[in-house]
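Thanks for coming. I will go through a few local features of one structure, so please look at it on the screen.

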Amino acid sequence: GNWKFDITQSFLSSSHLAVEKESEPEEETDEDEGPAPVMVENESYVNLKKKISKRYDWQAKSVRAENVKICKQFRIKQASRQFQSILQERQLLPAWEERENILKLLSKHQVLVISGMTGCGKTTQIPQFILDDSLNGPPEKVANIICTQPRRISAISVAERVAKERAERVGLTVGYQIRLESVKSSATRLLYCTTGVLLRRLEGDTALQGITHIIVDEVHERTEESDFLLLVLKDIVLQRPTLQVILMSATLNAELFSKYFNSCPVITIPGRTFPVDQFFLEDAIAVTRYVLQDGSPYARSMKQMSKEKLKARRSRTAFEEVEEDLRFSLHLHDQDSTKDAVPDQQLDFKQLLARYKGVSKSVIRTMSIMDFEKVNLELIEALLEWIVDGKHSYPPGAILVFLPGLAEIKMLYEQLQSNSLFNNRRSNRCVVHPLHSSLSSEEQQAVFVKPPVGVTKIIISTNIAETSITIDDVVYVIDSGKMKEKRYDASKGMESLEDTFVSQANALQRKGRAGRVASGVCFHLFTSHHFSHQLLKQQLPEIQRVPLEQLCLRIKILEMFSTHNLQSVFSRLIEPPHTDSLRASKIRLRDLGALTPDEKLTPLGYHLASLPVDVRIGKLMLFGSIFRCLDPALTIAASLAFKSPFVSPWDKKEEANQKKLEFAFANSDYLALLRAYKGWQLSTKEGMRASYNYCRQNFLSGRVLQEMASLKRQFTELLSDIGFVKEGLRAREIEKRTQGGGDGILDATGEEANSNAENPKLISAMLCAALYPNVVQELKFVTKNDGCVHIHPSSVNYQVRHFDSPYLVYHEKIKTSRVFIRDCSMVSVYPLVLFGGGQVNVQLQRGEFIVSLDDGWIRFAAASHQVAELV
Ligand code: CDP
Ligand code: MG
């Protein structure tokens, strides 16, 4: 006989891997939890859905009784002093002027678009208009509202704010739900949740039973998830005429959304803000010269410089020259220093900066291509000093600093702590708060607190504070001009998170944050020339710049689309991505073993659909946990998702490569990475100084390593969410019992998740599973599509003469003078056969099974017992 089977598929559906999340002790507030997380086979999926719909039937009866109570309590509460005093404050918000209009239009139309400036009261007030209106009616008609937020942090902070406005605790009528955390109860009628949470709920409950209103907030951000949610809602509103949908957006483009929903009505809330003075890098430099070279004639003249003078200064010819140079340097800065840079250009660049000795001596001193980020941070510190010093004509107020990500926030925070002016414990003039999505909710709340008189509040934030979070007392904004953006990286063939310049729209939005209560000031750390000539007008919608694998899987997991052709679903999106992009994604999904040729999800596909990461990284994570080499798999996954921590400065390339070779083993750049990472982890235990030195000596980027550590934590949470690993107290208990020596993380079966972490062969095999079909064969060194390729000089395999196995898997392919593969890892042929994701052929010949792989390129055949022994 001769039959084909897909190894990956049978593998993941075999019984011991059919992971069911063990039932945790149920929180009482969690009775109406969405669908259980893990779906393994179609059968259990169907059972699960039956269970869910039963639960909703039972619920309907108790809802009415609860509503009676809620209406009564609301009537009593309205009379309370606390409620009334906040109400007066609320009624001043521009959104209140449209209250009647909104309610009137909602009574006539199923879908509504509301746009209005950030801070006008959309998120906090509009859901309450609807809820309160219904609470004055009969208990059968009490609204049950879901309002989606693009970020976890805004879901929490808004829910807490709204609960406060209603003079109650969060978790009663107002609640929130984000991945892994929910605060809500059977009395919750207004739920703020992340877009992802609602999409997950739709997987088990397409009809959204019991929900009366869906409010999609911040639709203008055009995240992949919100575009997708709109598509789903477009179908649901047809099936459920009583469900009302409201789209809320911060700026323009309201027409686009209205058109998408059959030209539904649009309400525009008029905004009021105060003017904000806008300054650019050249101004920032002028100001910091003043700070750092106090006493010089130049500084003395700057000292009295008013904002008008600053502006005039900018228009002078000398300044144009500065600007031109800076523009040039920023242009160079854009080029990734780890990519092949042209040496003499970079030399110019260094000389160029040296010409600005006046900028800051310490800047020049610490300046090297390796830690360019530091320059920005030093400039920011100098600007903060200038602002706090108060020798200018602006009023006191809070300062909001926008940085691209967590790592930069940490760096600046630590830098400021070593400055007595900003140190949180010693300074009585400033208090510094970081603000990003991974903070606890108490830490987040701290940013809203008004400091004592005479103390300046400094908030260092990601673009979270751009639209989702409004801090009222901000007068100063410092915009680093950078943000993290998901992009399709052609050289890696996958999604990656990159630091990019913001768009003009982002920059203006950031600037606007300074004009909430009075007129304010904004410093952008890019030149005015850069602003008008190099920044995009607007960010491209996410769906147009990311690979579509993840979206394909999420479409397929929804019952309403599971039998639809992907192309037809995509064409109904608000602004469909290019068809080539979809085609490429489908091929990658097939190569990976997640989607069958007739577009059905495989079991692997089901699991990948619930991991919001690039599918290859997802596969590496899943396999890492299944094969108990979780930690190394996550380290590698984090570097694939972000970037390699190895840096190679132009003037020290050789030395850097040599250092990397010291980490090398088993012909693998990824295993070298693991060693380097481990060393860094150890060094961080000895303190900041030690880890800084470790990075310097070994040509590693501390910033990248930190970002990787944070990604690893997020990945672990994701795996724990879908039941592939167990964390926390319970896991530690089990571990104690089983005397595991690990780090408290267990796999789904309760075994230590890292018992195979020291097996390099296995780790290479996992890589093969994730990266296939990115394979080259030595001697030939041909890939399936490019013909001849070369190993990059920065790879540990560059000078290797002999490989034990002729196959290398790689991640990234770059084309300069020739086609190079960058990081690569040797694999033996057996993992290639077993984890390659391709169709494996098994034949019975003379009483023995012959396993063979032939994808038209790699040909291999072996007896089955050989395969089993050798992996
Ligand atoms: O959604 P939109 O940007 O239109 O405004 P919002 O988030 O509803 O904010 C309206 C007002 O509530 C602003 O003045 C905020 O400062 C205030 N607010 C607050 O004090 N605390 C929060 N956690 C959220 C909003
Ligand atoms: Mg809002």
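A crossing of two helices is left-handed if the near helix is turned anticlockwise from the far one by less than a right angle, and right-handed if clockwise. Helices (H or I, at least four residues) and strands (E, at least two) are DSSP runs, numbered from the N terminus. This is a predicted model, in which local features need pLDDT of at least 70, side-chain atom pairs count only at pLDDT 80 or more, and totals for chains, interfaces and linings use all residues. Residues are numbered from 1 along each chain as its sequence is written, while chains are lettered from A and ligands numbered from 1 in the order in which they are written.

I start with the helix pair. H5 passes H6 in a right-handed crossing. On the H5 side the contact is made by Thr123, Thr124 and Gln128, and on the H6 side by Val158, Arg161, Val162 and Glu165. Two residues are in contact if their C-beta atoms, placed from the backbone, lie within 7 Å. Helix H5 covers residues 122-135, and it packs against H6 at an angle of about 55° with the axes 10 Å apart. Axes here are lines fitted to C-alpha atoms, for helices over the stretch in contact, and angles run from 0 to 180 degrees between N-to-C directions. H5 and H6 are therefore oblique to each other; angles under 35 degrees count as roughly parallel, over 145 as roughly antiparallel, 65 to 115 as roughly perpendicular and the rest as oblique.

Next, one residue of that contact. Glu165 lies in H6, which spans residues 152-165. Leaving aside neighbours within four places in sequence, Glu165 is in contact with Ile86, Arg90 and Thr124. Its C-alpha atom is 8.3 Å from that of Gln82, 83 residues apart along the chain.

Now the ligand. Of the 16 residues around ligand 1, Lys122, Thr123, Thr124, Arg161 and Thr470 come nearest, where near means a C-beta atom, placed from the backbone, within 6 Å of the molecule. H5 and H6 are the elements that give two or more residues to this shell. The largest share, four residues, comes from H5.

Last, a backbone detail. Ser263 has a positive phi of about 50° although it is not a glycine. Ser263 is found in the loop between helix H9 (254-260) and strand E9 (266-269).
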